Each structure stands twice: as C-alpha cells, then as structure tokens.
Amino acid sequence: MSIAIQVYHPSSTSMQTTFPTRTVVVLGGSYGGSRAVQILMEGLPQGWRVVLVDRNSHMNHVYNFSRYAVLPGHEHKAFIPYNNIPYSSLSDIHSCSSHVRVQATITSINNDRITLSPNPQEFQQSSLDFDYAIYALGSHLPSPIDLWNYQKEGGMKSSLEPPGIPQYGGTKSEGISSLRERQKRVEAATSVLVVGGGALGIQFASDIAAVYPQKRVTLLHSRHRLLPKFDDTVHEEALQGLQELNVRVILGERLDFESLQHTSVKKGSSELRVVRTLSGQEISADLLLLCTGQTPNTGLLRNLDPRAVDPDTGLACVLRTMQLCVPPPSSEPHASQADYDDVVHQLKNLTLGIDEVIGQLKLSPLSPPIVHADMHSTSSYPHHLYSLYSLSPLSSTDTLIESDPCQETLYPNIFVVGDAADAFDAIKAGHTSYYQAEVAARNILRLIHRDGKKVGIAAEDNLGSELEEYMPGPPAIKVSLGMTKSVYEVNGVVGTRNDGVEDLNAAAMWAACGLRNVSEEDMFA
C-alpha cells in the first residue's frame with residue numbers, strides 16, 4: 001500500500017504530495033524480527049521502507065531471562081538497544097519515508113493494515129497501511145520469565161507465587177526491576193518446585209541449585225525423559241548434571257493443580273506448603289515455577305481469519321515460503337467437481353466453512369520455489385552464540401524436499417515466522433526463527449523486485465525470481481547445567497562443556513545486534 005506523504009509549504013496554501021513510500025512492516029523485534037529488518041534494510045529498493053513495530057523499547061534477550069531471574073548483577077544485559085534502526089513516535093510514523101522503529105502494541109491486523117496503540121495502551125489508536133508484513137510475535141512465555149504477565153484463558157496461577165512483581169510497560173528500567181524482584185523471591189525461598197523438564201525448567205532448577213546450594217530444589221516432569229525431542233544422551237547428561245547439583249528429579253509425574261487451591265501463602269511466612277502429584281506423591285515447597293511451555297501469540301491472526309490458525313495447537317498455518325496459508329476456494333476458473341469437493345473437504349477441517357470464503361478474490365499462483373535448509377550456511381548468525389534453548393549448527397547444506405502442493409494463499413503478502421508458525425516440525429527456538437525470517441525477508445524482496453520489473457522499474461536483484469522454501473534442519477540445542485557446565489546437541493553430535501560464564505556470554509548477543517566490543521558499562525544503555 002502506497003503512502004502518499006502530505007507536506008505543507010508555508011508559501012502555499014495547498015498541500016503537495018511527495019513520491020509515495022511503500023511499506024514492509026515487521027511485527028516483533030526479537031530474534032526473527034530483528035534479522036528480517038536487517039535483510040530488508042539492506043535489500044529494499046528506492047521508494048520502500050521497513051517499519052519495525054515492537055512493544056518493547058529494547059530487544060529482549062529472553063533466553064537469558066531465567067539466569068538473570070536467579071543470579072543478581074547481570075539483568076541489564078538482557079535488554080539490548082535497537083541501535084540499527086531510527087526510532088519514530090507513533091504520531092510521526094506516517095510522515096516518515098525512511099526505515100523506522102515504533103514502540104507500540106499491535107491491536108489488530110488485516111490484509112493490508114495494522115492498528116497500533118501506545119504503551120501503555122490508551123483509547124486513542126493509530127493505523128498503518130502496509131504492502132507486506134512479517135508476523136514475528138512469537139509466543140507468550142511461561143510465567144517465571146513473562147515480564148508482561150500474560151494470563152492464558154483458563155490458565156492456572158500458582159498460589160505459591162506471592163504478589164509483588166512490578167507492572168511492566170516495555171522499558172528497560174521496568175524489565176530490570178522485574179527481574180530483580182524475581183531474584184528476591186528466589187533468594188527468600190527455602191524450597192523451590194520447578195514444574196517442566198524442558199530447557200527452561202532445567203535451567204531454572206540447575207541455576208537455583210548452583211547459586212543457592214542450601215535450598216531444596218525439585219524438578220517435576222510429566223514425561224520419563226528430559227528434553228524428549230533430542231537424543232537420549234542429552235537426557236542422560238542433563239539428568240546427571242541436575243543430580244550433581246543435588247536437584248531432586250521426579251519423572252513421569254504430573255502436578256495436581258487442585259492441590260494448589262488449598263495452599264495458602266502468607267507474606268513473610270517461612271512455612272513450607274505441600275502440593276501433590278496426580279498419583280498422590282507430596283512435594284513441599286514455598287516457591288513454584290511453572291515452566292510448562294509457551295502459548296503461540298497468534299490471536300491477531302485468528303481475528304484476521306480463523307482458518308489461518310490451527311484450533312488445536314494455536315499455531316499459524318504457513319507455506320514453506322513462510323507465507324500465511326489460507327488456500328482460496330479454487331485456483332482454476334472452471335474447476336472440476338472433484339477439485340471442488342477437495343476444497344470443500346479441506347475447508348470443513350478448518351475453523352470456518354466453505355460459505356464464508358466463497359466470493360473472495362482468487363490469487364495468482366506463485367512461482368515454483370527454491371528450497372533451502374534451515375540454518376543456511378551463508379547466514380551471518382554467529383555460530384558461537386548459544387541460548388539455553390538452542391545452538392546454531394556449525395554448518396548446513398541445501399536440502400531438496402517435495403514441493404508444497406499448495407502454492408496459493410489468500411494472504412500472499414503476510415509472512416509468519418518463529419514460535420507463532422506451524423513450520424513443519426521445526427523446534428521452537430531463536431535460531432529457527434532467525435532462519436525462517438531470512439526466508440521470509442528474501443521472498444519479500446523477490447516479490448518486490450518481480451513486481452518492479454513488471455512496471456519497468458529497474459531494481460538490483462541477485463536473488464532470482466523463484467521463491468525460497470524453508471526446510472527445518474536437525475534439532476539443535478545447548479542447555480546450561482549450573483554456572484559452567486552445559487550439554488549440547490548439534491548436527492547429531494552430543495557432548496558437554498565446562499566453559500560457561502555467569503552472564504551466558506551476553507556480549508555475543510549484543511554483537512549479533514550490531515553492538516560490538518561493548519563494555520560492562522555500555523550494557524546499561
């Protein structure tokens with residue numbers, strides 16, 4: 001959508017219209033969104049701008065939140081300035097023709113417009129038209145590291161968790177205060193129950209046990225293996241690392257949430273409370289950390305089109321090109337009855353029926369795609385950078401896969417990456433979001449260059465016209481087990497290391513965001 005910028009000249013009573021600016025919006029500035037912005041800023045032709053929208057003033061390095069919620073002194077390092085893109089206020093965004101970032105909450109999206117609200121949300125809202133969008137809003141984090149305090153509908157809030165976490169509005173100072181309050185709660189507890197044996201739960205349990213060896217720490221996991229998506233050896237090494245820190249590990253048991261309702265918390269009380277598993281096993285604790293997964297942040301897409309989101313998983317349906325996938329009712333003007341029946345059958349399995357899409361515009365087929373593997377070898381992502389959830393492989397190769405049978409969608413200009421996307425069994429991790437964002441951004445550049453050539457506009461295009469397809473790579477992870485030890489799996493190789501540092505090498509993430517050679521003092525910015 002072109003934005004005709006109106007400029008008032010004092011010498012004239014009329015308004016003059018400048019060259020129209022077209023817009024790519026990137027919704028969410030975390031690992032995937034930031035990478036998309038970088039590629040778009042480097043590749044967009046003249047007359048185009050990228051607008052990054054994020055409700056946070058700084059990029060939140062969420063993979064370090066659990067460590068910084070336990071160990072004092074490093075919490076400021078989790079909030080990294082967006083120094084690579086200029087800031088614009090919400091009121092000035094329409095008059096700016098260059099790449100900009102705006103801090104705001106997205107309240108709605110349709111096929112060519114988003115609605116924004118300031119932080120904190122106010123009644124007055126603003127809309128912004130776009131030509132292409134990359135939806136990189138991720139997921140709602142588990143409560144121990146969720147600064148925004150998202151409450152899932154029907155979700156359980158532990159009565160073992162005392163109040164006191166300050167309200168967060170997206171600023172660095174508020175984020176630091178929130179993590180420090182969490183540190184105080186961990187320090188004050190005598191016994192901690194961590195529920196969930198994924199990377200987050202393992203990190204919390206091992207960090208608390210390492211920093212406070214006098215505390216009793218219990219890790220409860222519903223499955224019989226930790227980190228079940230990875231090699232058995234990862235489970236064995238993680239279990240051994242926890243046991244070396246005297247963490248009590250209970251596998252194959254689920255927490256009985258009903259037992260929480262009968263457990264009271266009195267401020268300042270040192271009395272342990274008792275909860276139960278479904279089998280009746282009792283566990284005493286005065287601090288509960290629920291690390292049992294994330295909720296995809298896809299409500300805006302569901303409001304756009306309920307068929308776009310899987311009702312069971314909450315994930316957005318995407319093509320391998322990372323475009324939001326809602327197939328049109330028919331791709332041929334004179335579809336056969338068999339084709340029509342196939343469409344009806346497909347749509348009946350979605351949220352809405354066929355009647356609600358009949359009459360919508362059909363879209364032109366997309367060009368055959370180029371297929372690339374996850375974790376592309378030419379990426380600039382630093383391979384030494386790790387998180388508690390993931391580690392980039394040392395190398396990868398392009399992989400041929402069967403082309404996606406559906407190459408049409410009602411929303412070819414909207415791309416979804418990261419935790420919000422149902423991306424063909426890719427694990428939910430920062431590095432997968434990063435590589436999906438690369439595919440999405442490069443495909444947008446291809447579409448822009450293709451359309452530019454149609455109208456005779458010259459544009460440098462070394463990407464080719466065929467759209468690229470995303471192919472997940474093998475699962476990769478690195479999980480810390482206390483302050484120095486970690487277990488990893490990369491390209492099918494499992495091992496342990498003992499070279500960890502307290503701040504989880506935060507400077508590497510700052511460097512990945514363009515802030516190299518930063519000092520300890522610089523990280524307070």
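Guide: Strand E14 (residues 191–195) and strand E19 pair in the parallel sense over four bridges, where strands (E, at least two residues) and helices (H or I, at least four) are DSSP runs numbered from the N terminus, and two strands pair if DSSP finds at least two bridges between them. Within this pairing, the bridge partner of Leu193 is Leu288 in E19. The model is a predicted one, in which local features need pLDDT of at least 70 and side-chain atom pairs count only at pLDDT 80 or more, while totals for chains, interfaces and linings use all residues. Residues are numbered from 1 along each chain as its sequence is written, and side-chain values use heavy atoms, with hydrogens and water left out.

The two strands belong to an open sheet of four strands with parallel pairing, in the order E16-E15-E14-E19. Its edge strands, each pairing on one side only, are E16 (248–251) and E19 (287–290). On average, and with direction ignored, neighbouring strands of this sheet are turned by 15° against each other; the axes behind such angles are lines fitted to C-alpha atoms, for helices over the stretch in contact, and angles run from 0 to 180 degrees between N-to-C directions.

Helix H4 (residues 199–211) packs on the sheet and touches E14, E15 (216–221) and E19, its direction making about 170° with that of E15; contact here means heavy atoms within 4.5 Å. From its first C-alpha to its last, H4 reaches 18 Å with its 13 residues, close to the 18 Å expected at 1.5 Å a residue, the expected span being 1.5 Å times one less than the number of residues. Of those 13 residues, 11 are buried, that is, under 20% relative accessible area with a 1.4 Å probe, protein chains only. Among the buried residues of H4 are Gln203, Phe204 and Asp207.

Phe204 deserves a separate word. Leaving aside neighbours within four places in sequence, Phe204 is in contact with Ser66, Ala69, Val70, Pro144, Ile145, Val194, Leu289 and Cys291. Phe204 is also listed with Leu40, Ile134 and Met322 as the residues with the most contacts inside the largest nonpolar core, which has 118 residues; such a core is a set of buried Ala, Val, Leu, Ile, Met, Phe, Trp, Tyr and Cys residues joined through side-chain atoms within 4.5 Å. A second, separate core of 11 residues includes Ile250, Leu255, Leu260 and Leu290.

Definitions and conventions
Buried means under 20% relative accessible area, exposed over 50%, partly exposed in between (1.4 Å probe, protein chains only).
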